[in-house]
Amino acid sequence: MMDRLSILRLRGLLRKEFLQILRDPSALAIAFLLPAILLLLFGYGVSLDARNAPLAVVIEQPTPLAADFAANLEHSPYFSPRRFASFREAELAMDRREAVGVIWLRADFARKADDGGPAPIGVIVNGVDANNARLIEGYIQQVWVNWLQASATRAGRALAFPAVVHPRVWFNPAVQSRDYLTPGLIAVIMTLTGALLTALVIAREWERGTMEALMVTPVAIWEILTAKLIPYFVLGMGGMAASVLIAVLLFAVPFQGSGWTLTLCSALFMLAALGMGLLISTFARNQFVAGQTAIIVTFLPAFILSGFIFDIGSMPAAVQFLTHLVAARYFVTILQSVFLAGDIWSVIAPNAAALLIMAVVFLGAVRLTARKRLD
Amino acid sequence: MRPTDEAQPAISIAGVSRSFRTGKRVAAALDNISAQANRGVVTGLIGPDGAGKTTLMRLIAGLLLPDRGRIEVLGTNVADSALAVQTRLAYMPQRFGLYEDLSVQENLDLYADLRGVPRAVRTERYADLLHMTGLRPFTSRLAGRLSGGMKQKLGLACTLVHPPEILLLDEPTVGVDPVSRRELWEIIDHLTNTAATSVLFSTAYLDEAERCDAVLLMHEGKLIGAGDPREFTAKMAGRSYQLRTKTISKRAAQEALSRAAGILDATIQGEAVRIVTDEAKAPNAAQLLPGVDGVTISAAPPRFEDSFIALLRARQSAARRPPAPIPIPILADANQESQEDVILVRNLTREFGAFRAVDDIAFSVRQGEIFGLLGANGAGKSTTFRMLCGLLPPTGGLLRVAGFDLRTAAAPARGRIGYMAQKFSLYGDLSVRQNLRFFSSAYKLRNARQRERIDWALAEFDLDAFADAASGDLPLGFKQRLALACALMHEPEILFLDEPTSGVDPLARREFWSRINALADKGVTILVTTHFMEEAEYCDRLVIMAQGRILAEGTAERLKERLRRPDNPDPTMEDAFVALIQTAEAQASAA
């Protein structure tokens, strides 16, 4: 198959493709700018942590005890409390979304505490965002327990709990959701980049009528496909490297695994993503349709079904089954492992095998469906 | 090559049909075509848009498969062994197939690699091609920065980088200036003479048929004629005449003649009307134009187009011929044309960055006049047009339309203008009636008035039968009618037509111009752009544009007159255009 003329044609096409990449910045933009922008946007914008959450604090009767509790809230990194004179005002602040919750210490708080309690602390949390509400609730409880303990220590007596919890967090000791989200995000963004790279550049050739001219030359269809795959594989891997650098250097996401594991798995994933783009390009003959299709059939499923935000384990069985068709799913797992836990081969190997199968299926489907014809 | 090959035709097509499906609709692009193209000659594939020329080219090149029938190229069945055919044939698609962000040299290198041209022969081959196309000084220029004519030549050079046995050229001369068009024909003649290349050349320009050794005439997916173009033309000998009269306007005369019995065709040519008769017999002026005095008739040389018209007319049922003659308005007041300038352009300039698309042009158009902007693609016609319609602000200069300065009052001026855009810009998914309703409401027509105008348009343009059909499904000629109807819904004083007849068949073009003439006679001012040289004959006055400048202004007659020489007693508009461009280039290089 690889005769002298074939090599000559392939070399000509490859040179053409690299020259076009250098002269038309759109491919470079998709490979580098798009991942960088999306990563910065999501990296800074999407966070599942509640930090500096605005909290309304109402202390109806200032006492040393109440002030002490308020000071504990002040010192917590999770809250930025603001004082309100009455519960009514705090409620209004919550309505205006200036506060996510209200801490309400009634006039009888100090008295009841002095009487040997229980002294009630009113806690109201805005439950519209259920996830956030649960986090806030948990943080408030934590502040409350810490305060109780501190008060008890000051009073020289131990707080008597029948059992004590010693929480220790593995794999993400800083409990930063960004450390967990960024690797998944890279997988989702690379799905889009990979599919767009091939789908758009081939659609562009259709639009400009150059594909028609190419097809009448003695070039074979596999030569055209290979000449598209190689340059955009290189470009896509460049974009991948840039994304990893942003994650590690800018977002300070820990990187526990090894570079070569990451490279190998990324290469498998990139082949699958480029294969999807090539498959799209076999029927989408203009850039608009190609772009829309790439977003709808690759990016959206990757976002929703890859488990990067939404836990696959809590999806209905039918949807769980569907997630197996999403290449990003396997790559999310691999990246999370390589970044946060290291080269855990028992996790990486099956997922890498799945990526390999997907790459073979997509590229094989392209090879079978692509024809040197216009219909 | 085996000697038996010599007897085989270059291309033979037997009973080929091909249809395309879009949604529920199946359109037959080719209907049972059988034809052949001989070796070493230029075969012209002639026909209007939608005739099936491109589909046939793609079938021959192996880019499509036929539904029925068989195509052989040099004795090889294309459907079975497309790759084998593609090694012996070269094909230039409509947009030349160039990579615009690659330089001239890089494009050549790419196609040399793809065609497997050995390195050893490249230098010599490149030198030949660059010399032949005149592209030598531009080898490092990006293809996207070349003019239309240069792109066309580079496209051709790329297909010739490995000398093909068969060359397929799909409408290579569309929108290209006449100078480049002539140079292209010289290259093709050179190829057939020296390399014995077989060329299949498709075009919608009927005048190019006369340059071919053989022609295949196509119309609506059918082959309606094949043979030597000279024989087609010879059959029309003694049937074409020029008719002149001072008593009635040329438009009135043409209108009356096109309806007269025994006349196949009547077109305006300068100040005269050119007619083609049913039989080879000199027509009688008194019978043709009863009651009109001072008519002189002289014989005119036959043209290939006449035979195409005759073929099309023969295909048309007699019922569709225009009926009863209408009264001829005697030229009493037509001479008192309004002297008022409806459109006034002075020092008009438009820059896009460093590029001057329109460079200090000036002209004026009087009421009721048909005024033409003639030029190749990229001459600045469309930019000028957009400024006149108030769609694009000028960089400098004065621009008045219907008394409004377009720099300050574009909106009120636009209410007086009807605009028919290139490619007709209709909503293909809407029905004819819905298109009319939309465009009329865009011009604020409401209720009874709107209904009245829609009824008028459906009746006037014979669109009643198609009122509820999707406009995208209409034949090209009907789309053109509908587009004109949409532009006329608000009864504009000024009508802008941007390449209105490009690609439609010659009969539809004649019908279109007869409507335009009628509008002009009613006092509507008409501004038309065209790269179709012959269309300039319909204009009262015109300007010829190239590279953003006006090269000449005047009547078609005057522009051609300058070139009259003993060796060229009847110069065409294209001759005039070519001469002007050559003079301009000579001045530019002298300066």
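This is a predicted model: local features need pLDDT of at least 70, side-chain atom pairs count only at pLDDT 80 or more; totals for chains, interfaces and linings use all residues.
## Helix α6 of chain A

Two residues are taken to be in contact if their C-beta atoms, placed from the backbone, lie within 7 Å. The buried residues themselves are Leu135(A), Ile136(A), Tyr139(A) and Ile140(A). An α-helix has 3.6 residues a turn, so residues three or four places apart point the same way.

Helix α6 of chain A comprises 25 residues, 130-154. From its first C-alpha to its last the helix reaches 36 Å, close to the 36 Å expected at 1.5 Å a residue. Gly156(A), with a positive phi near 80°, follows α6(A).

## Confidence

The complex receives an ipTM of 0.78 and a pTM of 0.81 from the predictor. For chain B the mean pLDDT is 86, with 95% of its residues at 70 or more. Residues 323-336 of chain B have pLDDT below 50; this stretch has 17 contacts in the model beyond near neighbours in sequence.

## Domains of chain B

The domain assignment of chain B gives domain 1 (3-232), domain 2 (236-320), domain 3 (341-416 + 492-590) and domain 4 (423-491). Between domain 2 and domain 3 of chain B, the C-alpha centres are 27 Å apart. Their contact takes 12 residues from domain 2 and 13 residues from domain 3.

On the side of domain 2 of chain B that touches domain 3, at least two residues each come from α9 (250-259), β12 (263-269) and α11 (304-315). The most is given by α11(B), with four residues. By type, the residues of this side of domain 2 of chain B divide into four nonpolar, four polar and four charged.

Technical notes:
Residues are numbered from 1 along each chain as its sequence is written. Chains are lettered from A and ligands numbered from 1 in the order in which they are written. pLDDT is the predictor's confidence in each residue, from 0 to 100. Domain bounds come from an automatic or database domain assignment. Ala, Val, Leu, Ile, Met, Phe, Trp, Tyr, Cys and Pro count as nonpolar, Asp, Glu, Lys and Arg as charged, and the others, Gly among them, as polar. The expected span of a helix is 1.5 Å times one less than its number of residues. A residue is buried if 20 or more other C-beta atoms lie within 10 Å of its own, exposed if 12 or fewer, and partly exposed in between; C-beta atoms are placed from the backbone.
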